[in-house]
Amino acid sequence: MNPSIDLQATPGHLIRRAQQIAVALFAEQLGHFDITPVQFATLNALLLSQGIDQVSLAKHVAFDAATLGSVIGRLEAKGWVARVADPLDRRRKLLSLTCLGVQALKAVQADVARVQEKILAPLTPSEQSQLVRLLARLVQGHQAA
């Protein structure tokens with residue numbers, strides 16, 4: 001029989017637990033805004049890339065394009081995102097933030113920043129910088145996948 005693996009020492013488990021903690025802190029801080037981390041990432045990406053198509057947006061936020069469609073649908077129902085047909089290809093939908101979407105994004109930004117601070121709170125400032133740098137390297141190193 002193989003010895004068991006100590007999950008507390010495996011990066012996959014720890015990253016999953018860190019994600020659970022991050023999502024829980026986000027929900028706790030922003031629950032009254034009725035917005036999820038994926039919705040926030042989508043709005044934030046749209047602010048920088050108005051008129052982007054759904055497939056390109058999915059790449060920006062590292063989310064499956066088909067699933068992102070339902071996220072876009074919920075944001076559209078809130079009046080935060082508009083979908084219009086591309087004049088050059090009617091099958092392709094272009095996305096942009098509405099005025100309400102910009103207002104919603106502005107309203108949550110301070111709380112989102114507080115969530116980031118809470119996530120990193122157990123670490124010293126030096127450790128916080130190091131963790132963010134290492135996570136960025138890890139993500140960049142696996143970006144092609």
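## The lining of the largest pocket

Helix α1 provides the largest share of the lining of the largest pocket, namely nine residues. Helices and strands here are DSSP runs numbered from the N terminus (helices: H or I, at least four residues; strands: E, at least two). The model is predicted: local features need pLDDT of at least 70, side-chain atom pairs count only at pLDDT 80 or more, and totals for chains, interfaces and linings use all residues. Residues are numbered from 1 along each chain as its sequence is written, and side-chain values use heavy atoms, with hydrogens and water left out.

The largest pocket holds about 1600 Å³ of space. Of its 36 lining residues, Q19, A22, Q116, L135 and V139 are the closest to its centre. A pocket is an open set of points on a 1 Å grid over the protein atoms alone, where a 1.4 Å probe fits, with protein on both sides within 12 Å along at least five of seven lines; lining residues have an atom within 4 Å of a point. The volume is the space filled by probe spheres set on the points, which are joined across faces, edges and corners.

At least two lining residues come from each of α1 (11-30), α2 (37-48), α3 (54-61), α5 (99-120) and α6 (125-141). By class, the lining has 29 nonpolar, five polar and two charged residues. Ala, Val, Leu, Ile, Met, Phe, Trp, Tyr, Cys and Pro count as nonpolar, Asp, Glu, Lys and Arg as charged, and the others, Gly among them, as polar.

## Helix α5

Helix α5 has 22 residues and reaches 32 Å from its first C-alpha to its last, close to the 32 Å expected at 1.5 Å a residue. The expected span is 1.5 Å times one less than the number of residues. At Q109, α5 bends by about 40°, the angle between axes fitted to the seven residues ending there and the seven starting there.

## Residue T42

T42 belongs to helix α2 and is buried, with a relative accessible area of 0%. Leaving aside residues up to four places away in sequence, T42 touches L57, V61, L68, V71, I72 and L75, a contact being heavy atoms within 4.5 Å.

## The chain as a whole

The chain has six helices and three strands, in the order α-α-β-α-α-β-β-α-α. Of its 145 residues, 26% count as buried.

Terms used
Buried < 20%, exposed > 50% of the residue type's maximum accessible area, 1.4 Å probe, protein only.
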